[in-house]
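Notebook open, structure loaded. I want to look up what sits on the inside.

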Amino acid sequence: MTSSVRVKQVLAVVPAEAGGRSVGTALASVFGSSAQVTVVETTDEDTAALGQAHVILTGLGPVTAEHITAAPVLELIQCASHGFDYVDLAAAQSRGVVVCNIGSSRAERQDVAEQTFALMLALAKQLIPGHTALTQADWALPRLQPHLTELHGKTLGIIGLGHIGKEVARRAAPFDMDIVYTDVPLAPLTEAAERLRARRVELDELLRISDYITVHTPLTDQTRNLINAERLALLKPTAFVINTARGAVIDQDALADALEAGKIAGAGIDVYDPEPPPASLRLLHAPNVVLSPHVGGVTRETLPRIAMAAASNVSEYLVGKPPADVVSEGKA
C-alpha cells in the first residue's frame, strides 16, 4: 500500500519591476515536484491560486489582510527581502501564518552596506556638487573646500545593529570610525557588538554624539517616523543622515525642514515613502542631499542571491524543516 504526499501550492508574487513572470518562472523550477507553483505579478491577480495557496513567496508584492483572508489554507509568507513592511503582520499572526525574510542569507546585506558608504563618502567629499560644477566648467574647489570632511576618526551611529547594521560596522573599522549603535527596542549587548567594538547607547544619545547617522532598522509601527523633528533637533549641525532602510522610518518633511534650515550638514537617501516618490517630495529638492532610487540591494549579483535565498527557505519548509529567518511566529 502506497501513501500519496499532498503537493503544496505556492503563489510566487514577482512584480513587473522586479522581473515579473520571467523571474518567477525561473524560481518555480527550484521546487521540483514538491510544489505546484503559480507565478503572478500582483498578489490578487489569480484569485483561485490565492485561495489555494499554502505558501506565498513575494518579492515586494504587498500581502494585505484581505489577501490573507482570501487564502484559507495559507501557512507561510516568504519575503524575498530583508524588509517585511509590505506584509500585514497582524493579520498573518491572527491567522497563525508564519512570515519570514532572508535576513541570515547574506544575499543583499553587503550590497546595502556598500551603498551606505557610497552615500557617506559622496556627502563627505562633495562628489555631486563637484561633478556638476566641473561639467559646467566651474572649478568649484574654493567654494566646496569648507564643506569637505572625512570619515576617519568620526563617530558613526548605527540605528539597528542587525544583519545589515553589522556589515556597516565592519566596513567602518578600516576608516577608524568610532561606532555607537542602538536597537529598537534596545536589545542586550551582544558578542557581535563587542567584536565590532560597537558601544550601545540610547537613541537620543546616539543622535547627539554621532557625525554620521545611518538607519538599518525595519519599518514597523514602532519605528515609523522614528526620526522625527524633535529627534532631528538633537543632531550636530555638522551631522549627516543616511537612510538605506525604509523611507518612513524618517519623517521626510522634518528632514527636509532641517536641511533647508541648515540645521544638519546633509543627507544620503536611497529609500522613500512612497516609492517611487512623487515629484513634489521636498527631499528631492532639498539642499545638500545625495539621492539614489533604492539601488541598495538590487545589483545584478544580488538579485539572483535574493531569489535563491527565498526559494531555498520555502523548499526547506516544504520538506518539513522549520523555516529560517522568522519575523512573525504566526501565533494567534
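I call a residue buried under 20% relative accessible area, exposed over 50%, and partly exposed in between (1.4 Å probe, protein chains only). I'm working on a predicted model, where local features need pLDDT of at least 70, side-chain atom pairs count only at pLDDT 80 or more, and totals for chains, interfaces and linings use all residues. Residues are numbered from 1 along each chain as its sequence is written, and side-chain values use heavy atoms, with hydrogens and water left out.

Entry 1: Q252.
I looked up Q252 and found it in helix α12; helices (H or I, at least four residues) and strands (E, at least two) are DSSP runs, numbered from the N terminus. Is Q252 buried or exposed? Q252 has a relative accessible area of 12%, so it counts as buried. A polar atom of its side chain lies 2.8 Å from the backbone oxygen of D273. Contact means heavy atoms within 4.5 Å. Skipping residues up to four places away in sequence, Q252 touches G247, V271, Y272, D273, L281 and L283.

Entry 2: the core.
A nonpolar core is a set of buried Ala, Val, Leu, Ile, Met, Phe, Trp, Tyr and Cys residues joined through side-chain atoms within 4.5 Å. The largest one here has 32 residues, and L235 is among those with the most contacts inside it. Helix α12 gives the largest share of this core, 5 residues. Beyond its neighbours within four places in sequence, L235 is in contact with L207, I213, V241 and I264. I also found a second, separate core of 26 residues, including F117 and I242.

Note on methods:
A polar contact is a pair of N or O atoms within 3.5 Å; within protein, one must be able to donate a hydrogen and the other to accept it, and residues adjacent in sequence count only if both atoms are side-chain atoms.
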